[in-house]
Amino acid sequence: MALNPFSSGTRLRDMIRAIRACKTAAEERGVVRRECAAIRASFSDNEQELRHRNMAKLMFIHMLGYPTHFGQMECLKLIAAVGYPEKRIGYLGLMLLLDERQEVLMLVTNSLKQDLNHSNQFIVGLALCALGNICSAEMARDLAPEVERLMRSRDANTKKKAALCSTRIVRKVPDLAENFMGLAASLLKEKHHGVLISAVQLCTELCKASKDALEYLRKNCIEGLVRILRDVSSSSYAPEYDVAGISDPFLHIRVLKLMRMLGQGDADCSEYMNDILAQVATKTESNKNAGNAILYECVETIMGIEATSGLRVLAINILGRFLSNRDNNIRYVALNILMRAIAVDTQAVQRHRVTILECVKDADASIRKRALELVFLLVNDTNVKPLTKELVDYLDVADPDFKEDLTAKICSIAEKFSQDKLWYLDQMFKVLSLAGKHVKDDVWHALIVVISNASELQGYSVRSLYTALQTYSEQGSLVRVAVWCIGEYGEMLVNNVGMLEAEGSITVTESDALDAVELGLSLYPADVTTRAMCLVALLKLSSRFPSMSERVKRIVSQNKENMVLELQQRSIEFGSIIQRHQSIRSSLLERMPVLDEATYLMKRASTTQASIPAYKPASAVTPGDLKFPNGLAKPAVTPLADLLDLSSDDATATTTASTTTAPSDFLQDLLGIGGTNLPTAGAPSSASTDILMDLLSIGSSPSQNGQLVPDLSLAQEKKHVSAAPQLVSPVPEPVDLLGSLSSSTSVSGTKSATAVPQAVDLLDGLSSSTSVSGLEDACPSITAFQSATLKITFDFRKQLGKPQESTIHATFTNMSSSTYTEFIFQAAVPKFIQLRLDPASGNIVPANGKGSVTQGFSVTNNQHGQKPLAMRIRMSYKVNGEDRLEQGQVSNFPPGL
Amino acid sequence: MINFVLLISRQGKVRLTKWYSPYTQKERTKVIRELSGLILTRGPKLCNFVEWRGYKVVYRRYASLYFCMCIDADDNELEVLEIIHHFVEILDRYFGSVCELDLIFNFHKAYYVLDEILIAGELQESSKKNVARLIAAQDSLVEAAKEEASSISNIIAQATK
């Protein structure tokens with residue numbers, strides 16, 4: 001037979017040699033192009049005897065990353081051929097060159113169906129393998145009956161392949177789970193390990209796919225599983241399955257994993273496996289990886305099920321051993337389970353704090369990352385200071401790659417526990433000094449807001465920053481914050497105003513202060529934000545230090561011809577202010593009005609929320625985008641993930657894979673749903689994501705402001721009386737109402753706040769009557785909200801026979817030394833909850849906790865038993881005529897409401 | 001579940017890829033590039049796990065080859081190390097002390113072996129012996145078909161002489 005002139009007769013081996021011999025990428029492309037042309041020609045000539053070889057070549061070319069779609073039809077032809085060798089290479093090609101999303105795949109359904117019914121077990125095996133690896137939902141539905149039949153086959157190898165193929169079918173079409181559960185359970189009685197492993201995996205998948213299947217398997221296979229585990233763990237030496245002296249660790253691990261799924265939230269099932277788990281946990285050798293893999297899985301299972309306390313202790317002890325192991329792999333997995341163990345037993349995890357902290361400093365990036373996340377979870381009120389100190393100290397020597405993660409976590413901790421202002425400022429100054437490059441814009445913006453609010457610490461701040469600037473002028477964010485503070489509080493720097501006791505005095509002259517700002521200007525020739533901030537600071541200093549006016553003018557004028565319009569304009573305008581408008585200069589350049597912290601946090605949250613729909617990975621804010629209306633930068637738009645600190649950098653990287661789950665995670669964070677109470681609950685439905693949006697539109701900020709807001713500076717006393725009972729009834733309307741209120745509040749605080757009582761009054765008429773009768777079943781009361789200035793407790797009453805309804809009695813206590821007037825409490829709840837507020841007992845909360853205001857309200861949880869109560873609350877009041885706002889979320893409702 | 005299996009050489013050349021979750025060709029190239037950068041640069045004494053895009057990649061180096069498997073965040077990393085070793089041992093027995101060149105020139109055979117160990121990203125057989133037996137049976141099936149084909153073509157050739 002005459003060969004096609006284009007078809008090089010090269011063998012596979014020769015082609016691979018030719019490709020490997022290529023010295024440049026271009027050369028390789030040439031060879032591949034020639035080969036592809038030959039293969040195409042051969043395909044179109046339908047050369048039977050070369051098909052096998054062509055397909056093999058094509059797969060190699062595919063592996064190198066070249067397009068090979070023209071070979072897809074050829075795969076189908078090979079599969080449809082009669083002989084085994086053709087089918088074998090055809091199926092391999094199909095699995096490599098195609099995936100479930102290609103239309104062509106549908107064409108193979110018929111051939112697959114025929115092969116699944118073939119008399120040769122190996123051809124059946126090929127078809128099962130292909131189906132299991134790449135089938136689409138449609139094919140899964142079409143071919144499920146065949147696979148089901150094959151699970152009853154007499155051949156063990158066919159059975160195990162059919163069982164694994166079913167796991168993919170169930171993954172693609174969860175509705176089919178019920179068809180497989182009986183068969184899967186019956187396969188657990190087999191002896192063949194391959195069949196057992198496959199069947200156990202199928203059961204695990206079925207549990208994930210359907211609740212009915214989970215219940216069915218709980219009833220029907222727990223005994224079988226315990227038996228399998230007992231047999232395999234106590235079996236004598238079996239060379240076929242032996243791995244490092246342990247018989248079939250793979251089977252061990254898979255059975256343990258399935259046990260976890262069955263025992264989760266089921267006391268009976270858990271009880272049944274207690275003994276065998278204790279046996280595995282105590283008897284497994286831990287000197288080899290295989291044994292540790294089993295122990296690891298066993299500990300996870302014990303943590304996951306309703307295990308006895310003795311068993312838990314056993315598991316925690318194994319964890320302790322893992323953590324002190326010298327093998328990095330073991331330490332890594334130990335940190336991994338500790339993350340999960342924190343929900344079960346926080347105290348036990350806290351005991352290992354020192355070791356975990358050491359792991360943050362490990363040489364291995366994977367371990368560091370895990371440990372840092374764990375430390376973040378371990379931080380609480382009592383250990384925050386020493387832990388932060390350790391982390392900050394480490395920041396100095398940390399790997400440059402790691403600094404970003406570490407900085408973000410430290411800032412987040414510092415903000416979360418910022419009740420102690422001085423401590424917060426100190427930590428932030430240290431972080432700025434050591435890793436100012438990595439501090440996110442919104443973090444240092446927040447810092448400036450805090451400084452401007454803390455009038456007694458402004459002198460200290462500006463002096464600390466000035467001192468830090470002398471040493472760490474290469475840290476961008478430090479320079480910005482320092483320059484801003486010098487501009488605002490320059491005279492405090494020079495005159496040592498507001499010295500703290502522990503502070504050593506420094507001598508800074510007016511010209512030194514100017515030098516510092518000038519340094520910022522000269523160090524960052526390309527950074528518009530910093531330079532612009534420097535110019536504003538200089539202008540401010542020209543008014544603070546009149547004698548320096550001339551020098552300021554000279555420096556400012558250097559930018560008159562700057563290419564950047566922003567800088568040029570500032571330079572010229574500022575120059576003219578200094579030169580020609582001396583009369584108005586001092587009033588023009590007064591200190592910035594204090595930015596209300598609560599308003600700022602609200603805005604910070606809402607900007608973040610606005611960015612959710614357009615949330616893209618790596619949406620970094622370039623400094624040039626910022627505008628500086630008053631020398632204070634606007635809060636930057638930051639991805640929500642940053643604020644919530646949702647699995648840090650993973651979140652940005654995995655948007656493609658996890659966009660659907662991410663928003664519900666936010667919701668869980670915000671509402672505190674899920675968490676520890678509901679480990680079994682799946683991801684909230686899309687409706688709950690809407691709730692998130694609704695709730696956020698109140699203008700509330702994410703979890704950390706629960707701690708931040710309370711720090712509103714408490715000031716003088718003044719009383720103001722006006723009765724404003726209020727009510728919030730069906731949720732959507734008030735939420736909208738609040739939404740519009742909050743947006744106006746952020747624009748002009750004073751005005752809109754007076755509007756609040758009126759708006760609420762309007763609603764008041766709707767249902768102000770309450771009838772409390774037949775109350776019973778009192779739950780323990782909780783502290784729903786606690787800040788330095790305000791405490792709110794909730795008492796609960798349940799109505800007999802109406803489990804979804806609860807009556808809550810709220811008590812507001814003023815912890816500060818100033819009386820609160822026009823006190824208004826507002827609440828918002830997710831859509832599945834209805835809320836009705838009764839009028840409050842008054843609207844004046846006396847100072848120093850002498851007396852309190854009470855208010856009753858009732859909630860109806862329409863998803864009682866499925867979702868816990870959750871609520872966001874907002875308290876507005878006046879102190880000395882000034883509007884104050886506090887808000888927070890209540891997620892510690894007692895279970896069963 | 002195992003989302004994909006990668007074999008990369010120390011120079012970053014791909015020796016085998018198997019995808020159990022759908023990735024487009026473009027994504028595959030990107031994934032391979034990203035992971036080569038992450039894994040090949042890691043020092044020898046570090047742990048064998050890399051966190052990547054919310055998944056975990058477990059890798060293990062054998063001579064010049066890195067065997068990598070990408071698993072879900074809640075899978076057992078230590079066990080995946082054993083699965084990798086299981087795969088390597090079976091390859092070793094099949095090729096008779098396997099080396100990188102075996103896997104280059106007989107890459108399709110490596111795939112056949114892998115298909116007897118994993119299906120749908122899950123383990124199907126814990127017995128190395130059984131896998132070897134199944135592969136051998138299928139190889140002999142192919143040999144038999146080849147012989148038959150050549151004898152038929154001989155007959156035809158002789159008949160047409």
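A residue counts as buried here when its relative accessible area is under 20%. Keep that cut-off in mind as we walk through this structure, which is a predicted model.

Let's start with helix 1 of chain A, which covers residues 12-21. Four of its residues, A:Leu12, A:Met15, A:Ile16 and A:Ile19, are buried.

The largest share, six residues, comes from helix 5 of chain B. In total, 27 residues line this pocket, and those nearest its centre are A:His52, A:Arg53, A:Pro85, B:Val142 and B:Lys146. The space inside is about 920 Å³.

Now for the aromatic rings. A ring pair is described by the distance of the centres and the angle of the planes. Over all chains, there are 24 aromatic pairs. Take A:Trp484 and A:Tyr489: their ring centres are 6.0 Å apart and their planes meet at 80°, so this pair is edge-to-face. Buried or exposed, where do these two fall? A:Trp484 is buried, because its relative accessibility is 6%, and A:Tyr489 is buried too, at 1%.

A:Phe825 and A:Phe857 give us a tilted pair, with 5.9 Å from centre to centre and 35° between the planes. A:Phe825 belongs to strand 6 (residues 821-828) of chain A and A:Phe857 to strand 8 (residues 852-861), so the pair ties together parts that are 32 residues apart in sequence. A:Phe825 has 0% relative accessibility, so that residue is buried; A:Phe857 is buried as well, also with 0%. Both are part of a cluster linked by ring pairs, whose other members are A:Phe794, A:Phe796, A:Phe812, A:Tyr820, A:Phe823, A:Tyr877 and A:Phe893.

Finally, have a look at A:Phe376, a ring with lysines over it. A:Lys409 lies over the face of A:Phe376, 5.2 Å from the ring centre. The charged end of A:Lys416 also sits over the ring of A:Phe376, at 5.0 Å from its centre.

Technical notes. Residues numbered from 1 in each chain as written. Chains lettered and ligands numbered in written order. Predicted model: local features only at pLDDT ≥ 70, side-chain atom pairs only at ≥ 80, totals over all residues. Heavy atoms only, no water. Buried < 20%, exposed > 50% of the residue type's maximum accessible area, 1.4 Å probe, protein only. Helix = DSSP H or I, 4+ residues; strand = E, 2+ residues; numbered from the N terminus. Phe/Tyr/Trp six-rings, centres within 6.5 Å; stacked < 30°, edge-to-face > 60°. Lys NZ or Arg CZ within 6 Å of the ring centre and 35° of its normal. 1 Å grid on protein atoms, 1.4 Å probe; cavity = no way out; pocket = protein on both sides within 12 Å on 5 of 7 lines; lining within 4 Å. Points joined across faces, edges and corners; volume = space filled by probe spheres on them.
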